[in-house]
Amino acid sequence: MSDTITLVNPATGRAFREIPRAGLAEVDAAIAGAVAAQRTWAALAPVARADALRSFARVVEAHVDELAALEVENSGHPIGSARWEASHVAQVLNYYAAAPERLIGQQIPVAGGLDVTFHEPYGVVGIIVPWNFPMTIASWGFAPALAAGNAVVLKPAELTPLTAVRLGELALEAGLPDGLFQVVTGSGSVVGQRFVSHPDVRKVVFTGSTEVGTDVAAGCARMLKPVTLELGGKSANIVFADADLERAAASAPGSVFDNAGQDCCARSRLLVERSVYDRFLELLEPAVQAWRVGDPASPDTDMGPLISASHRDTVAGFLDGADVAFRGAAPTGDGFWFAPTVVLASPGDRLAQDEVFGPVVAVLPFDDEADAIRLANDTIYGLAGSLWTENLGRAVRVARGVKSGVLSVNSHSSVRYATPFGGMKASGLGRELGPDAAEHFTETKNVFFATD
Ligand code: TXE
């Protein structure tokens, strides 16, 4: 295996940078450094840890343009999205900067003494990040983990390490102790696996494919190590006949084609009530044609290229034998371009079951509310979903009936740093973000003080 990784700009197909591929010795050295740094960090006054995280947030905020430019070049994200992602990292840090002073335990009434609980940090947390949202997903792990008093070793995806590496440098610039937050670039089978097998990494956070996530969880089980998993999705966008069809159709492209569909929350199944099925497709077609695919550096672009040539081949393979209703436009030539595609599907089809992770949406009709819920739940996944209706009772019933971790009514919201995020079924284990995330990076210690 080469000792470097070659990075390719997905919009041009050209290699532009080599980065180190860490071996076992380097991962072990990073973990040893993290163990030492964590002791000092956890011993600081809560307000000192809060101040350090606020300072980290300010430094990230001051580098939004630089981080966004890196993501455009390395990941092909449209510049508008990349700026949002970089600002989001600063906001996540700010939000969890409040946590060190609010990790409040309990005082429990017992006989003969005083009983109190403490939220103790695990120690070192290993975070394994995929290539689809390199900075935001990283921050959902490292911000609450650091806030809770842990050190973090982070492995970005091989294809997209640049923003994570820069965030590691910015942490030092902001005054975080040396060794507390380290970014180790390398392969999943070496660096990622070492987080699983190393006894000093006491918790693992994994985002990626369900297949690898299952292996990571099995490895963590053997080490008795807690693990959070954010895995694949095949989320439904359910449109009832009583919905505002114009709004639902206008927003549908963004709900699945954002980030070229490389989004675990992509609403890649569009379930439409049969009585408005034809009308809805008529409204959807111009919205898909208007979806602008092109140069990610241009502020007018809605969608850039796919991440790699091999991923484009995988996505294209899903269209073999598919009933394509209509497609949008995409550039030709260099770069891993793929036009947004709408296909008509039946429940058992591969396109209605498997995560494509590309700009392809499968449209399926349904008959009534019960049928909509049954179809929405007819996959192994359960991450996100949307439903469109003007009937409040139906909105409540369907939102409760769909087995997904994150649902949105008359909108396509999935991620807000202040609300919990994560999947049911094969979409994952545990939750990130929201008010409780820092606590998820702690273990409860109960202490009894005898008074008699
Ligand atoms: O994911 P992997 P990939 C899905 C999506 C995509 C497919 C493959 O369908 O097409 O997965 O993507 C590290 N031990 N999702 O190949 O392999 C790896 O280095 C420990 C959905 O990128 O799961 C990377 O950092 N770590 C998903 C991370 O795991 C290992 C987001 C994810 O890689 C490892 C991404 C190992 N044995 C992909 N092997 C979503 N739903 O958000 C790899 N890794």
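Leaving aside its neighbours within four places in sequence, Phe142 is in contact with Phe56, Val89, Leu93, Ile127, Val152, Leu154, Leu167 and Phe181, where contact means heavy atoms within 4.5 Å.

A quick word on what we are looking at. This is a predicted model, where local features need pLDDT of at least 70 and side-chain atom pairs count only at pLDDT 80 or more, while totals for chains, interfaces and linings use all residues. Residues are numbered from 1 along each chain as its sequence is written, and side-chain values use heavy atoms, with hydrogens and water left out.

Back to Phe142. Together with Phe56, Phe142 touches the most other members of the largest nonpolar core, which has 76 residues. Such a core is a set of buried Ala, Val, Leu, Ile, Met, Phe, Trp, Tyr and Cys residues joined through side-chain atoms within 4.5 Å; buried means under 20% relative accessible area, with a 1.4 Å probe and protein chains only. Which helix gives the largest share of this core? That is helix α5 (residues 134-147), with nine residues. Helices here are DSSP runs of H or I, at least four residues long, and strands are runs of E, at least two, numbered from the N terminus. Apart from this core lies another one, of 56 residues, including Val239, Phe257, Val288 and Trp337.

While we are on helix α5, have a look at Thr136, which also sits there. Is Thr136 buried or exposed? It counts as buried, because its relative accessibility is 3%. Setting aside neighbours within four places in sequence, Thr136 is in contact with Trp84, Glu85, His88 and Val89.

Now the domains. The assignment, automatic or from a database, gives domain 1 (4-231 + 427-450) and domain 2 (236-416). Their C-alpha centres lie 30 Å apart, and the contact takes 27 residues from domain 1 and 27 residues from domain 2. About 2,000 Å² is buried between the two domains, and carbon and sulfur atoms give 65% of it. That area is the accessible area (1.4 Å probe) that two parts lose on being put together, summed over both. In domain 1, Pro78, Trp131 and Ser427 lose the most area to domain 2, together 25% of what that side buries.

And how many salt bridges does the rule find across this interface? One, where a salt bridge needs a side-chain nitrogen of Lys or Arg within 4 Å of a carboxyl oxygen of Asp or Glu.

Terms used:
Buried < 20%, exposed > 50% of the residue type's maximum accessible area, 1.4 Å probe, protein only.
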